[in-house]
Amino acid sequence: KGVVEDERLQRYRAVRVEGLHELFRAGEDLREVLPRVVEANTDELKRLLDYEGSDLDTALGLFSLDCLQKSVEIANTGLLDISDDHAHETSLLADCHYRLAQFCYDGLEKQPLGETVNHERHLITSLLASMQFGSKPARQLFPVLLQLPNLQDGTLHRCFIDASGLVPEWMFLRWIPQLLSYVDFYQESFLESVLLRLAASYPMALYYPAKFAHGECTKRFPERTMGSFACRLMRLLEFPRLDRFVQELSQVVVPCMKVSNMASDLARKLSAGSELTAEQYRTTVLESMKEAFPESGVGVGREHEKLIPFKSEWKKLLNFDPERQIADIWKFIEHIRKEMEK
């Protein structure tokens with residue numbers, strides 16, 4: 001009897017949810033048709049929608065939002081177990097959350113500039129909730145959250161942190177590069193919790209992209225100090241043998257090409273409009289010299305040995321003033337390149 005009652009309850013919920021989704025679709029169809037209707041009884045529609053505002057499109061939008069929110073409430077009623085035995089109910093709830101997230105995402109462009117925070121909040125909570133219950137379409141849509149203006153400026157940081165804490169780590173594996181692209185290693189991040197969980201559960205998936213992003217960040221701003229979040233993340237990704245392997249692997253390059261690329265990077269940093277200070281310039285030259293030129297010719301191979309005479313030439317870059325002698329630095333870099341090509 002209990003099983004029968006449970007099945008009936010599931011069907012009852014599914015029917016109610018489908019009914020609300022039908023109302024939602026009808027409301028959206030009406031929103032699409034109304035602009036083309038010349039004579040529409042807007043007062044009667046507002047009365048039916050129980051809306052006192054002046055904008056009928058807004059009224060229909062709120063009606064659609066209400067339908068989707070109620071469908072989530074119904075699908076979530078009494079769902080205390082998300083095991084395989086309740087897979088159908090879980091799938092229904094994930095679908096309801098995803099429909100709500102998709103509606104909010106589609107509606108963002110219709111919102112007035114600066115008034116999107118509520119839609120963005122609904123989008124974040126609904127999409128992450130759908131991911132929590134295993135929705136593949138929601139997982140595909142996840143990167144759009146990272147671009148939301150109110151998430152970027154910090155307004156919805158707490159909303160994202162709370163909602164993402166319930167999502168399984170594996171749901172984020174595909175989007176590791178996107179996650180890291182929004183991280184500033186010199187300060188705290190709203191993605192801290194997600195990345196630390198990934199580092200604890202799937203360290204090898206995060207190791208290379210995180211190490212690369214961290215390395216690029218330190219190269220750009222060598223004088224700055226890493227934040228506590230970056231330190232915690234790097235500690236979780238410490239694997240001495242793998243670190244040594246990657247370090248040695250970085251030497252598997254054409255040495256002259258490596259120096260040429262480093263010269264190009266230095267030239268870009270000195271391009272018009274750059275704010276490279278004398279100290280930053282000096283640090284960049286010394287770091288690149290340490291990385292590109294071997295200390296001695298013992299055991300490095302003939303190609304690396306060819307670079308040793310140019311080490312003293314590269315060091316002469318320290319004699320230039322990056323604020324007043326940019327043109328001279330460029331000429332000297334080109335001189336080194338030509339000498340290496342001989």
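Let me begin with Arg 232 and Glu 192, which form a salt bridge whose closest N and O atoms are 2.0 Å apart. This pair links distant parts of the chain, with Arg 232 in helix H13 and Glu 192 in helix H11, 40 residues apart.

How exposed are the partners? Arg 232 is partly exposed, at a relative accessible area of 28%. Glu 192, by contrast, is buried, because its relative accessible area is 17% and the cut-off for buried is under 20%.

Arg 232 also forms a salt bridge with Glu 188, and there the closest N and O atoms are 3.8 Å apart. Again distant parts of the chain are linked: Glu 188 lies in the loop between helix H10 (176-181) and helix H11 (192-201), while Arg 232 belongs to helix H13 (residues 228-236), 44 residues away. Glu 188 is partly exposed, with 43% relative accessibility. Taken together, Glu 188, Glu 192 and Arg 232 are linked in a network of salt bridges.

In general, side chains of opposite charge can pair when their charged atoms come close. How many salt bridges does the structure hold? The number is nine.

One further example is the salt bridge between Asp 66 and Lys 70, where 3.2 Å separates the closest N and O atoms. Why are Asp 66 and Lys 70 separated by about one helical turn? The reason is that these two residues are four apart in helix H3 (residues 56-76). Both partners are partly exposed: Asp 66 has a relative accessible area of 31%, and Lys 70 has one of 39%.

I turn now to the interior. Buried residues account for 39% of the 342 residues in the protein. The largest nonpolar core contains 66 residues, and those with the most contacts inside it are Phe 142, Phe 160, Phe 185, Leu 195, Leu 206 and Leu 233. Helix H4 (residues 87-107) gives the most to this core, contributing nine residues. There is also a second, separate core of 22 residues, which includes Met 262, Ala 263, Leu 266 and Ile 333.

Which residues does Leu 195 contact, once its neighbours within four places in sequence are set aside? They are Leu 179, Leu 180, Val 183, Leu 206, Phe 229 and Leu 233.

Towards the end of the chain, Phe 332 sits in helix H19 (residues 326-341). Phe 332 is buried, with a relative accessible area of 14%. Not counting residues up to four places away in sequence, Phe 332 touches Glu 313, Lys 316, Leu 317 and Phe 320. As for Lys 316, its C-alpha atom is 9.0 Å from that of Phe 332, the two residues being 16 apart along the chain.

Next, the surface. The protein exposes about 20,100 Å², of which carbon and sulfur atoms supply 54%. A nonpolar patch on the surface is formed by Tyr 208, Phe 245, Leu 249 and Val 252, which together have about 430 Å² of accessible area. Val 252 is found in the loop between helix H14 (240-249) and helix H15 (255-269). Is Val 252 buried or exposed? Val 252 is exposed, since its relative accessible area is 63% and the cut-off for exposed is over 50%.

A word on the overall fold. The secondary structure comprises 19 helices and zero strands. Of the contacts between residues at least 6 apart in sequence, 69% join residues at least 24 apart.

Finally, I come to confidence. The average pLDDT for the protein is 80, and 82% of the residues score at least 70. Over residues 1-5, pLDDT stays under 50, and the model has zero contacts beyond four places in sequence for this stretch. Residues 80-85 also stay under 50, although here the model has four contacts beyond four places in sequence. Where pLDDT is low, the predicted coordinates should not be read in detail.

Definitions and conventions. Residues are numbered from 1 along each chain as its sequence is written. Side-chain values use heavy atoms; hydrogens and water are left out. A nonpolar core is a set of buried Ala, Val, Leu, Ile, Met, Phe, Trp, Tyr and Cys residues joined through side-chain atoms within 4.5 Å. Buried means under 20% relative accessible area, exposed over 50%, partly exposed in between (1.4 Å probe, protein chains only). Contact means heavy atoms within 4.5 Å. pLDDT is the predictor's confidence in each residue, from 0 to 100. Accessible areas come from the Shrake-Rupley method with a 1.4 Å probe; for residues, only the protein chains shown count as cover. Patches are made of residues with over 30% relative accessible area and no salt bridge: like charges are joined within 9 Å, nonpolar side chains (Val, Leu, Ile, Met, Phe, Trp, Tyr) within 5 Å. A salt bridge is a side-chain nitrogen of Lys or Arg within 4 Å of a carboxyl oxygen of Asp or Glu.
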